[in-house]
Amino acid sequence: MKIFTALFTMLLLNSFALAGAPSTITGTISLGKGMTFPKGAVIFIAARPVSGGPPMAVKKISDPRFPLSFSLGQENAMMGGAFTGDVDLTVRASQTGDPMSRTPGDLFGTLKTKVGAAKIKVKLDHKI
């Protein structure tokens, strides 16, 4: 009976994990009208608290194909901090591959959202 209870508990916990984590943002990134993705650029996705400050979570995606599905979650949290609350989400195409540099021609898009949001849509519709 103890083995059955342990197996049932493991299956139940796995089903919650597969259902989607509340500390994840998922969605799609697309190019805005008239925008051309710079050759060799990489995508950086960053979520900052709406109150400002350093990024809570960051993800780098090399060789993107559009529309690009993404997931940003606790595994992308900076310094192991909590990934919760309302965030300013920024998606940027970096021609240098450096998250800090801003190069003329880099594309970006922003969106206010909440950790736990699903199926959001971000357009790369601005140029630096």
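1. "Buried" here means under 20% relative accessible area, while exposed means over 50% and partly exposed lies in between (1.4 Å probe, protein chains only). In general, nonpolar side chains tend to be buried together in soluble globular proteins.

2. Before going further, please keep in mind that this is a predicted model, in which local features need pLDDT of at least 70, side-chain atom pairs count only at pLDDT 80 or more, and totals for chains, interfaces and linings use all residues. Residues are numbered from 1 along each chain as its sequence is written, and side-chain values use heavy atoms, with hydrogens and water left out.

3. Now for the overall layout. The protein chain has 1 helix and 8 strands, and along the sequence they follow the pattern α-β-β-β-β-β-β-β-β. These elements are DSSP runs numbered from the N terminus: helices are H or I with at least four residues, and strands are E with at least two. Of the 128 residues in the protein chain, 32% are buried. The accessible surface of the chain comes to about 8000 Å², and 63% of that surface belongs to carbon and sulfur atoms. Such areas come from the Shrake-Rupley method with a 1.4 Å probe; for residues, only the protein chains shown count as cover.

4. How do the strands line up? An open sheet of 5 strands has the order β3-β2-β5-β6-β8, with antiparallel pairing. Its edge strands are β3 and β8 (126–127), each of which pairs on one side only. Two strands are said to pair if DSSP finds at least two bridges between them. For β2 and β3, the antiparallel pairing runs over 5 bridges. As an example to find in the viewer, the bridge partner of Ala-46 in β3 is Val-58.

5. Leaving aside residues up to four places away in sequence, Ile-45 touches Ile-29, Ala-57, Val-58, Lys-59, Ile-61, Phe-70, Leu-72, Leu-89, Thr-90 and Val-91. A contact means heavy atoms within 4.5 Å. Across the protein chain, residues 24 or more positions apart account for 59% of the contacts with a separation of 6 or more.

6. Ile-25 is another one to look at. This residue sits in strand β1 and is buried, with a relative accessible area of 0%. Ile-25 and Gly-73 are 48 residues apart in sequence, and their C-alpha atoms are 6.3 Å apart in space. Again not counting residues up to four places away in sequence, the residues that Ile-25 touches include Phe-70, Leu-72, Phe-83, Val-87, Val-115 and Ile-120.

7. Let us turn to charged side chains. In general, side chains of opposite charge can pair when their charged atoms come close. The term salt bridge is used for a side-chain nitrogen of Lys or Arg within 4 Å of a carboxyl oxygen of Asp or Glu. By this rule the count comes to 4.

8. Are the residues of the Arg-65 and Asp-63 pair buried or exposed? Their side chains meet in a salt bridge at 3.0 Å, N to O. Arg-65 is exposed, with a relative accessible area of 57%, and Asp-63 is exposed as well, at 52%.

9. Asp-86 forms a salt bridge with Lys-114, the closest N and O atoms being 3.3 Å apart. This pair links distant parts of the chain, with Asp-86 in strand β5 and Lys-114 in strand β6 (residues 107–114), 28 residues apart. Asp-86 is partly exposed at 40% relative accessibility, and Lys-114 is partly exposed at 48%.

10. Finally, have a look at Asp-106 and Arg-92, which form a salt bridge with the closest N and O atoms 3.0 Å apart. Asp-106 lies in the loop between β5 and β6 and Arg-92 in strand β5, so the pair ties together parts that are 14 residues apart in sequence. Both residues are buried, with Arg-92 at a relative accessible area of 6%.
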